[in-house]
Amino acid sequence: MACKKINLALQGGGAHGAFTWGALEVLLADPDIEIAGMSGTSAGALNGAAVKSGMIEAGRAGALENLEALWRRMGAVGDLHLVNWLTGLGPGAVARAMEYSLPYSVGETVSRMMSPYVYGPFYRNPLRPVVEAFNFGDVCSEQGPRLFICATNVRTGKARVFTREEITTDVILASACLPTLFQAVEIADPETGETDAYWDGGYTGNPALFPLYDKGLPDDIVIINLNPIERAEKPVTPQQIQSRINEISFNAALLGELRAISFVQRLIERGALAEGEMKHVKVHMISDDALMNDLSVATKTVPTPYILNELKKAGRVAAETFLAKHKDDLGTRSSVDLQATFG
């Protein structure tokens with residue numbers, strides 16, 4: 001089979017990024033799949049940096065090793081006795097136990113009443129040691145897949161996409177900066193010399209797809225989706241409402257870009273645009289909405305070994321299922337019917 005060149009769009013979703021870890025393991029293990037570009041936000045930015053730096057250092061094996069190391073640092077390995085005990089409960093029951101627990105409720109209340117700036121000089125972003133472990137010479141390399149990372153400019157409310165030598169520890173921390181938990185990350189603009197504050201990229205691009213429209217990149221974009229687009233049940237409890245608000249907020253930018261792609265596809269198909277005038281993007285998605293509907297914002301913000309490993313396993317299954325059904329679609333057609341979704 002001819003090599004299938006793809007771009008990856010890696011969503012943010014906190015600890016739910018372990019789902020992407022599992023999906024990436026499957027894609028990296030398939031010799032017929034070549035990753036040409038990646039756009040990542042928040043957890044997607046961390047996963048993308050791990051893959052890029054690992055591939056530069058030691059190819060696919062290096063990428064797999066880096067992902068394993070990243071999620072070990074994020075807490076995927078813990079008390080095995082606790083993990084075995086939780087297995088009988090299932091992810092949904094664990095998620096509900098977490099979000100209704102007193103420590104989590106107190107933590108949520110405190111995060112809404114206290115600013116992360118109250119710590120003054122004692123503040124330290126807990127993700128910094130995790131991100132600093134990356135080899136940024138490899139992350140920023142001209143070789144290997146192109147990597148794009150999105151963060152939100154607090155002053156303008158606009159997305160800023162960083163690539164190549166622009167990517168630093170602070171850029172990745174900015175992409176994952178939830179404003180109720182972390183202080184905004186200050187990043188200087190090399191053109192103007194001005195410094196701006198940045199928050200989580202999920203508010204403006206989760207992930208940003210437009211960098212992947214570059215003519216030098218393939219037409220296929222595979223979105224690894226962490227936030228369920230639909231929930232059948234109406235949220236009624238404070239916890240359910242907060243989770244759904246989080247999902248809608250962090251899906252809004254992605255849905256807007258997918259609508260734009262759908263519009264361009266229709267124009268191309270009707271002959272309203274000349275061939276090659278705009279890129280005919282082919283969209284694919286790896287997801288597990290059933291599992292993500294069973295989880296919540298609590299499992300995003302509090303990484304636990306059991307949930308992380310369940311997410312990884314689900315990501316592997318979802319990617320294997322995607323390749324079994326749609327591998328032949330890559331390079332040929334979209335496997336997501338955008339017109340049916342947004343028509």
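Analyst: Let us begin with one residue. Glu 247 is found in helix 9 (residues 238-269), where helices are DSSP runs of H or I with at least four residues, numbered from the N terminus, and strands are runs of E with at least two. This is a predicted model, in which local features need pLDDT of at least 70 and side-chain atom pairs count only at pLDDT 80 or more, while totals for chains, interfaces and linings use all residues. Residues are numbered from 1 along each chain as its sequence is written, and side-chain values use heavy atoms, without hydrogens and water.

User: Is Glu 247 buried or exposed?

Analyst: Buried means under 20% relative accessible area, exposed over 50%, and partly exposed in between (1.4 Å probe, protein chains only). Glu 247 counts as buried because its relative accessibility is 4%.

User: Which residues does Glu 247 touch?

Analyst: A contact means heavy atoms within 4.5 Å. Leaving out residues up to four places away in sequence, Glu 247 touches Asn 227, Pro 228, Arg 231, Met 292 and Lys 300.

User: Where is Phe 122 placed, and is Phe 122 buried or exposed?

Analyst: Phe 122 sits in the loop between helix 5 (102-113) and helix 6 (128-132). Phe 122 counts as exposed because its relative accessibility is 77%.
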